[in-house]
Amino acid sequence: MPPKGKSKKPAPAPLGGAKKKQSRSEKNPLLEKRPKNFGIGQSIQPTRDLTRFVKWPEYVRLQRQKVILRQRLKVPPAIAQFSNTLDKNTATQLFRLLNKYKPETVQEKKKRLADQAAAVAEGKKPEETKKPIYVKYGLNHCVALIEAKKAQLVVIADDVDPIELVIFVPALCRKMGVPYVIVKGKARLGTLVHKKTAAIAVVSEVRSEDQSELSKLVSAAKSNYLEKYEDARRHWGGGVRGNKSVAKLAKRAKAAGQSVASVSKTL
């Protein structure tokens with residue numbers, strides 16, 4: 001008997017009986033393997049997203065923190081209503097209409113007055129022209145038009161800073177029965193009136209060919225804002241939990257044997 005602990009070796013196969021294992025994939029002789037070495041002074045490192053490791057300027061950090069704080073903190077209804085902006089299609093129609101009624105630029109006004117002055121110098125009578133129809137802007141001017149009920153449609157920007165400048169305008173519009181809409185971007189309103197930004201713009205009158213288009217926008221404004229004003233007064237904004245907070249609560253719920261779907265994403 002063979003000694004314990006030692007196993008018998010199988011007998012070698014006869015000559016020609018052994019078959020070589022074939023490689024699964026045949027290597028292409030034209031393709032040479034060139035492994036990269038990412039050591040110091042060697043191959044260039046691959047590009048990575050280093051956004052989280054960049055020290056951003058203070059103004060960038062502040063504006064990002066401000067956005068997150070607005071999501072986390074409870075926002076009172078008077079301010080929260082400005083997050084309910086006009087939908088894209090209606091906003092496109094609105095700005096298409098407003099672009100037809102841009103006020104004249106400084107250069108156009110200068111040229112017009114120069115032409116009038118030249119005509120008077122030549123002894124000609126200045127031509128009597130109708131008052132031009134333009135979009136009205138400027139907070140005090142627009143508020144005066146709303147109070148006088150001369151405004152047909154009020155357009156308010158959603159990102160006015162400080163928000164206290166326009167926070168009373170929706171309530172004033174409702175009291176006066178003037179339709180209003182809230183749109184994205186004070187800079188977008190500013191381009192209409194040749195300024196950097198504009199908090200508010202008012203359509204007081206339009207030409208007869210644009211009256212039907214304006215009436216559609218007014219009916220949309222009434223259904224989306226004026227008629228839902230009381231409902232908007234009861235809804236608070238903000239209070240949205242972060243990803244870490246939601247994951248932590250989901251883990252806690254799972255440990256307690258509760259369903260993960262029951263975890264609320266709002267405070």
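**Exercise 1. Determine which residues touch the most other members of the largest nonpolar core, and which element gives the most to this core.**

Solution. A nonpolar core is a set of buried Ala, Val, Leu, Ile, Met, Phe, Trp, Tyr and Cys residues joined through side-chain atoms within 4.5 Å; buried means under 20% relative accessible area (1.4 Å probe, protein chains only). The largest such core has 46 residues, and Leu94, Ile146, Val154, Ile156, Tyr180, Val181 and Leu189 touch the most other members. Elements that give two or more residues include helix H3 (88–98) and strand S3 (153–157); helices (H or I, at least four residues) and strands (E, at least two) are DSSP runs, numbered from the N terminus. H8 gives the most, with six residues.

This is a predicted model, in which local features need pLDDT of at least 70, side-chain atom pairs count only at pLDDT 80 or more, and totals for chains, interfaces and linings use all residues. Residues are numbered from 1 along each chain as its sequence is written, and side-chain values use heavy atoms, with hydrogens and water left out.

**Exercise 2. List residues that Tyr180 touches.**

Solution. Contact means heavy atoms within 4.5 Å. Residues up to four places away in sequence are not counted. Among the residues touched by Tyr180 are Gln81, Leu153, Pro170, Cys173 and Tyr229.

**Exercise 3. Identify the element that gives the most to the lining of the second largest pocket.**

Solution. A pocket is an open set of points on a 1 Å grid over the protein atoms alone, where a 1.4 Å probe fits, with protein on both sides within 12 Å along at least five of seven lines; lining residues have an atom within 4 Å of a point. The lining includes Pro103, Tyr137 and His194. Helix H4 (residues 106–121) gives the most, with three residues.

Notes
Buried < 20%, exposed > 50% of the residue type's maximum accessible area, 1.4 Å probe, protein only.
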